[in-house]
Amino acid sequence: MDAFNEKLVTGGHWVFAAGLADPTVSTVIDGRGDEPVFTDGPFVEATEWAAGFWIIDAPDLDVALKLMCEGSKACNRRLEVRPLLSDT
């Protein structure tokens with residue numbers, strides 16, 4: 001995975017990456033009501049979950065998908081690709 005991360009850095013795509021703790025130690029917070037509600041455990045029970053993430057800067061979706069195909073191979077995991085929402 002280090003070689004893939006270095007490729008992102010040298011290609012100018014790197015923004016941030018991190019690993020995530022197991023979902024069994026997560027807490028879901030719903031702050032939409034008068035008082036927040038805290039629930040132990042993951043938001044959705046599943047057999048697969050996100051184990052980490054990359055935030056990358058790609059000029060378009062095609063470039064992002066190509067890079068994350070390599071990322072999937074590098075970390076030996078399925079990856080979900082989502083654009084960031086922006087106010088602009």
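Biologist: Let's start in the strands: which residue of β3 is the bridge partner of V28?

Modeller: V28's bridge partner in β3 is T39. Keep in mind that this is a predicted model, where local features need pLDDT of at least 70, side-chain atom pairs count only at pLDDT 80 or more, and totals for chains, interfaces and linings use all residues. Residues are numbered from 1 along each chain as its sequence is written, and side-chain values use heavy atoms, with hydrogens and water left out.

Biologist: How do you know that β2 and β3 pair, and how do they run?

Modeller: Two strands pair if DSSP finds at least two bridges between them. Here 4 bridges join β2 to β3 (residues 37–40), so the pair qualifies. The two strands run antiparallel and form a hairpin with 6 residues between them. Strands (E, at least two residues) and helices (H or I, at least four) are DSSP runs, numbered from the N terminus.

Biologist: What makes H13 buried?

Modeller: Buried means under 20% relative accessible area, exposed means over 50%, and partly exposed is in between (1.4 Å probe, protein chains only). H13 has 16%, so H13 is buried. H13 is found in the loop between α1 and β1.

Biologist: Which residues does H13 touch?

Modeller: Leaving out residues up to four places away in sequence, H13 touches L8, I55, I56, D57, A58, P59, V63 and L67. A contact means heavy atoms within 4.5 Å. L67, counted in the same way, touches F4, L8, H13 and I56.

Biologist: What makes up the largest nonpolar core?

Modeller: That core has 6 residues: F4, L8, W54, L67, M68 and C75. The term covers buried Ala, Val, Leu, Ile, Met, Phe, Trp, Tyr and Cys residues joined through side-chain atoms within 4.5 Å.

Biologist: And at the surface, which residues form a nonpolar patch?

Modeller: V15, F16, L20 and F53 do, with about 340 Å² of accessible area together. That area comes from the Shrake-Rupley method with a 1.4 Å probe, and for residues only the protein chains shown count as cover. Patch residues have over 30% relative accessible area and no salt bridge; nonpolar side chains (Val, Leu, Ile, Met, Phe, Trp, Tyr) are joined within 5 Å, like charges within 9 Å.

Biologist: Why is the contact of E70 with K7 called a salt bridge?

Modeller: The term asks for a side-chain nitrogen of Lys or Arg within 4 Å of a carboxyl oxygen of Asp or Glu. For E70 and K7 the closest N and O atoms are 2.6 Å apart, so the pair qualifies. The pair links distant parts of the chain, E70 in α2 and K7 in α1, 63 residues apart. Both are partly exposed: E70 at 29% and K7 at 37%.

Biologist: How many salt bridges does the whole structure have?

Modeller: A search finds 4. One of them joins R78 to E48, with 3.1 Å between the closest N and O atoms. R78 is in the segment after α2 and E48 in the loop between β3 and β4 (52–56), 30 residues apart.

Biologist: Is R78 buried or exposed?

Modeller: R78 is exposed, because its relative accessible area is 70%. Another salt bridge joins R82 and E80 at 2.4 Å, N to O. R82 counts as exposed at 64%, and E80 is exposed at 58%.
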